[in-house]
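Here are my notes on the model you sent over. Have a look at the structure first, then go through the points with it open.

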Amino acid sequence: MIRRLALLAAVSMLASACGSGSGSDADRSISGIVADITPTVTSGSSQTATTASTVLDSPASVDPKNPWPQDPMTLTDVAIWTIEVVSSTPHDPAAYTQGLEMADGVLYESTGLYGESTVRTVEREGGATTASADLDSTVFGEGLTVVGDELVQISWREQRAFRWDRHTLAPLGEWSYEGEGWGICLMGDRLVMSDGSDLLTWRDPADFSVITTVPVRLDTRPVDYINELECVGDTVIANIYTTTDLIVIDPETGRILAVIDASPLLDLVAGRIGTDRGNVLNGIADLRDGTFLLSGKRWPEMFTVRIVEQ
C-alpha cells in the first residue's frame, strides 16, 4: 500500500514528468511513477481472454491463448489506475480512429477502413476537421506519430508507411516494411511500432529500418492485440484492442508496469456508438498538462482525462 500511494502521488505530475509522442520533450519521463512496480500477476488465474469484436483491425478470431484478463483487478502486483474525466469535446462519429497525436497545439488524427482512411487535423475544442488528406482506397490506415515537421502514418496489411508534411498534409513519400501495422510513436530518436501481436518493434525514423524487437509480457505470458501507442517519456502507453484497458510498458524490456482502466468512458458513450462491436476505445494523445485525450472508433466524443487511483 505504501508503494502504491507513492506511485499515485506522482500521477498528478504526469504531464510535467512525461513527454509527447512527437519527441519534442523527450527529456521528460514518467519513470518515477513506475520505478517501484513489480510487473507480475497472480499465478493460476482462471480469467479468460477478452472476446474480440466482429469487426477487427485483424479479421482473424482472437487467439485463445491471449492472457489478457476480463477484470484487470485480478492483477495483484501491477499498479492499477483508472481515469477521471475532466471534459469532453465533439468528435466526428464517422471517424474510425486509429491514432491521435498532439504537437505544438495541433491535434492530428489517423482514421482507418478501406475507402475511408485519412490523415487529418482536428480542432481541439470543437472537434471539427480542419484539413484532411485521403489514403488510396486500397489502403487501411492505422496509427501515426510526429517526427519533426513530418507525420508518419502506417497501414494495416499494405506494408506502407506514409510521410506527410504536418503543416500542409502534403505527401512527402513513403517507406515499406514487412508485417502488419497497428500503432506507432516516437521515443527520443527511435520509433516504436506495434503489429497486433505481442511484439514492439524499434525502428529508425530516418529510413524505417528495424533496430530490434521486444516481446511484451504480463508476468511471463505474451500479450497480443497491442494497438495504438503513445510514447510517454521512457514508457509506452498502449491500447489493448477490443478492451477498455490501457497498459504502461517498459519498451526496453517489454514488461507491463501498470494498467489504466478506462471503462468509465463506456457509460458516457453508451447508446451513441451503434451496435457495431468494432467501435471500441482507441486513440491516446498526451496533452502535456496533466491530462490525456482519449477517444474511440466512431465515437461522437473525445475525452480529456487524468489518471487517478483505482
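**Notes on the strands, the fold and the pocket**

1. Start at methionine 193, whose bridge partner in β12 is threonine 201. Keep in mind throughout that this is a predicted model.

2. The pairing behind that contact is antiparallel, with four bridges joining β11 to strand β12 (residues 199-203). The two strands make a hairpin with four residues between them. Glycine 196 sits in that turn and has a positive phi of about 90°.

3. Now go to the other neighbour of β11. Strand β10 (residues 183-187) runs antiparallel to β11, and five bridges join them. Here methionine 193 turns up again, as the bridge partner of isoleucine 184. β10 and β11 also form a hairpin, with two residues between them, and glycine 188 in the turn has a positive phi of about 65°.

4. How much of strand β11 (residues 190-194) is buried? Four of its five residues are, so I'd call the strand mostly covered.

5. Zooming out, the protein has four helices and 22 strands. Of its 310 residues, 57% are buried. Among contacts with a separation of 6 or more, 57% come from residues 24 or more positions apart. The accessible surface is about 11,900 Å², and carbon and sulfur atoms own 50% of that.

6. Last, the largest pocket, which holds about 180 Å³ of space. Its lining includes Thr242, Thr243, Thr244, Asp276, Arg277 and Trp299. By class, the lining residues split into five nonpolar, four polar and two charged.

Conventions: Residues numbered from 1 in each chain as written. Predicted model: local features only at pLDDT ≥ 70, side-chain atom pairs only at ≥ 80, totals over all residues. Heavy atoms only, no water. Buried < 20%, exposed > 50% of the residue type's maximum accessible area, 1.4 Å probe, protein only. Contact = heavy atoms within 4.5 Å. Areas by Shrake-Rupley, 256 points an atom, 1.4 Å probe, with all protein chains shown as cover. 1 Å grid on protein atoms, 1.4 Å probe; cavity = no way out; pocket = protein on both sides within 12 Å on 5 of 7 lines; lining within 4 Å. Points joined across faces, edges and corners; volume = space filled by probe spheres on them. Nonpolar A, V, L, I, M, F, W, Y, C, P; charged D, E, K, R; others polar. Pairing = 2+ DSSP bridges.
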